[in-house]
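Subject: A structure for you to explore

Hi there,

Here is the structure I promised to pass on. Have a look around first, and then read my notes below.

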Amino acid sequence: MGMEPPKPSSSSTSTAEPLLTRPQEVRSGPSKIFHSFRSDTSHDLVPVISLGLHGRIYNPHGAAANTTNTALARKLKGRHLQMIAIGGSIGSGTALSIGVQALGEMAVAFPVAGSFSAFATRFIDPAWGFAFGWNYAVAWLFALPLELMAGAIILEFWNLPIPGWAGILVFLMVIIFINLGNVKIYGEAEYFFSILKVIAVVGFIILGVIINCGGGQDSGYIGGRFWSNPGAFHNGFKGFCNILTTAAFSFAGTELVGLAAAEAHNPSKALPKSIRQVFWRISIFYVTSMAIVGLLVPYTSKQLIGKDDVDSKSSPFVIAIRDAGISGLDSVMNAVVLLAVLSVANSSMYGATRTLTALAEQGQAPSMFAYIDQKGRPLISIATASAIGLLAFIYLSPRRGQAFTWLLALSGLSSVFTWASICYAHIRFRSAWVHHGNSLDSLIYRSPIGVVGSWIGLISFILILTAQFWVAISPVGNTAINASERAANFFEAYLAMPVVLACWAFYKIYYRTQYVRIEDVDLTTGRNGNDFPYLWEGYKSEKETWPRWKVLYKMMC
């Protein structure tokens with residue numbers, strides 16, 4: 001009878017690997033967190049600036065390669081992009097829908113980091129891409145403290161025992177936390193904010209119609225009374241032009257869907273649907289709501305803010321509800337306005353950081369801004385934007401009204417530059433696309449209004465800039481002001497223009513960049529749609545079976 005093999009003792013020195021050991025690549029909690037902040041080693045930048053015989057040389061192909069091979073994470077879903085577009089559309093102009101169509105066509109074809117600022121470099125001129133990109137980044141950087149200040153002002157509505165600085169600090173920490181998470185957290189936050197804004201605006205439109213028709217207990221029937229007395233336009237056409245800087249600030253937001261293309265999980269599918277719906281969103285959420293406000297609140301209302309003035313109770317939405325004698329609902333609407341302000345602050349952080357990172361990848365900003373960690377987060381850009389957000393504590397100054405005005409001046413007019421540049425870049429893109437022998441049918445998404453729409457948009461934005469220059473040199477109702485006051489009024493209305501022109505001239509001279517010729521436009525690097533021919537054939541076959549109503553619906557929605 002054979003003997004049993006000896007059992008190993010508990011003190012065995014066997015070198016066999018235990019079954020439950022942690023693999024070396026798996027890290028503990030704290031170690032894993034800190035490790036994620038390390039740079040993505042797979043993200044090596046192609047040199048963009050080099051020295052030649054006649055000075056520094058700019059490499060546009062290297063810039064295109066860097067924005068194409070960005071380390072930003074593609075985690076945004078279609079619903080995120082749709083809500084980003086919706087949230088940005090609440091506060092946009094009709095001409096904007098033209099620019100969005102143009103941006104959508106280019107962003108779907110080239111879902112690269114930086115989007116429209118990269119398109120300006122690729123399709124127009126690297127010097128204009130530098131000037132326009134920095135103008136856009138700075139506008140969002142200063143919009144962040146502006147919105148944080150607005151949030152603190154809105155808190156004053158409730159007369160809470162909370163110091164202003166505490167509110168600003170909490171708001172800033174929330175924005176930093178959202179943006180330090182991966183991009184999907186940003187998408188979810190904007191999804192939440194946008195749903196609330198949509199519900200609130202639709203509710204206000206319904207309530208506004210009821211109030212206008214006499215449903216309010218104090219106001220009675222209003223109708224078009226305030227459009228007759230005091231009138232629809234304060235100071236006539238010149239007064240209309242005078243407010244364009246403030247109105248232009250509302251243009252910012254929808255273009256973020258183009259920036260998000262570089263982080264979209266499937267831009268070919270998600271972007272077209274989001275962009276096609278912008279026109280209807282603007283018509284419903286902006287034009288209709290502003291028309292209702294105009295019917296309910298006269299411009300002579302003393303509750304509205306004036307120049308260099310800030311007031312927590314000055315929102316026209318809140319004024320309309322209070323004047324109707326509806327108690328409690330004004331507080332609800334003010335809370336919605338606060339959430340909308342935080343949404344814009346969140347978008348400010350996102351827009352500024354992604355643009356700074358793309359500028360660095362194109363050699364148009366210090367290379368440190370191109371730092372992206374293993375989670376796809378542009379950490380240096382986020383830290384910079386967070387530091388500039390501390391300017392919101394100017395709110396504690398007795399001159400906060402003037403600070404609010406100047407921050408708005410820095411941010412407002414840049415939106416017009418953004419959309420004018422997008423329209424012109426689309427014109428150049430279409431010319432290059434045809435010149436290189438490509439069919440328009442080969443575009444994954446094609447703007448339904450085409451180049452004609454981009455020309456209309458470009459001319460419209462140039463007219464806005466011209467009108468704003470007119471009121472900048474000849475202010476409304478200020479014929480007896482001195483030279484210093486006139487200069488201050490000019491820069492409040494037109495500050496962005498000299499800044500952009502100075503940046504363009506500096507980069508043009510220093511790097512001797514050339515206007516990109518149509519035949520030299522790069523339509524290869526970063527182009528989307530390797531499998532598009534197969535998808536297009538399937539789409540055409542399916543489209544032939546659609547009834548006419550569905551063809552029209554898919555074209556617009």
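Let's begin with confidence, since this is a predicted model. Among the elements of the protein chain, helix 17 has the highest mean pLDDT, at 94, while helix 1 (residues 29-36) has the lowest, at 55. Over the protein chain the average pLDDT is 77, and 73% of the residues score at least 70.

Now go to helix 17, which covers residues 379-389. Which of its residues are buried? They are Leu379, Ser381, Ile382, Ala385, Ser386, Ile388 and Gly389. The cover over these buried residues includes helix 6 (126-155), helix 7 (164-180) and helix 16 (329-361).

The largest nonpolar core has 110 residues, and Phe119, Phe123 and Phe429 have the most contacts inside it. Helix 6 provides the largest share of this core, 20 residues. Apart from this core lies another one of 17 residues, including Ile211, Phe226, Val293 and Leu296. As a background idea, nonpolar side chains in soluble globular proteins tend to be buried together.

Leaving aside neighbours within four places in sequence, Phe123 is in contact with Met106, Phe110, Ala425, Arg428, Phe429, Val516, Val521, Asp522 and Leu523.

Ser117 is worth a visit too, and you will find this residue in helix 5. Is Ser117 buried or exposed? With a relative accessibility of 1%, Ser117 counts as buried. Not counting residues up to four places away in sequence, Ser117 touches Gly129, Phe132, Gly133, Thr355 and Gln362.

Next come the charged pairs. How many salt bridges does a search of the whole structure find? The search finds six, and here are some of them.

- Lys508 and Asp125 meet through their side chains, at 2.8 Å from N to O. This pair links distant parts of the chain, 383 residues apart: Lys508 is in helix 22 (residues 496-511), and Asp125 is in the loop between helix 5 (116-123) and helix 6. Lys508 counts as partly exposed because its relative accessibility is 22%, whereas Asp125 counts as buried at 3%.
- Asp373 pairs with Arg377, and their closest N and O atoms are 2.8 Å apart. Asp373 counts as buried, with 0% relative accessibility, and Arg377 is buried as well, with a relative accessible area of 9%.
- Arg517 and Asp520 meet at 2.7 Å, N to O. Asp520 is partly exposed, with a relative accessible area of 39%. Salt bridges that share partners join Arg517, Glu519 and Asp520 into one network.

Trp165, Leu169, Met173 and Leu396 make a nonpolar patch of about 390 Å². Met173 sits in helix 7, one of the helices that cover helix 17's buried residues.

Enjoy exploring, and write back with any questions!

Best wishes

Key: Residues are numbered from 1 along each chain as its sequence is written. This is a predicted model: local features need pLDDT of at least 70, side-chain atom pairs count only at pLDDT 80 or more; totals for chains, interfaces and linings use all residues. Side-chain values use heavy atoms; hydrogens and water are left out. Buried means under 20% relative accessible area, exposed over 50%, partly exposed in between (1.4 Å probe, protein chains only). Helices (H or I, at least four residues) and strands (E, at least two) are DSSP runs, numbered from the N terminus. Contact means heavy atoms within 4.5 Å. Patches are made of residues with over 30% relative accessible area and no salt bridge: like charges are joined within 9 Å, nonpolar side chains (Val, Leu, Ile, Met, Phe, Trp, Tyr) within 5 Å. Accessible areas come from the Shrake-Rupley method with a 1.4 Å probe; for residues, only the protein chains shown count as cover. A salt bridge is a side-chain nitrogen of Lys or Arg within 4 Å of a carboxyl oxygen of Asp or Glu. pLDDT is the predictor's confidence in each residue, from 0 to 100. A nonpolar core is a set of buried Ala, Val, Leu, Ile, Met, Phe, Trp, Tyr and Cys residues joined through side-chain atoms within 4.5 Å.
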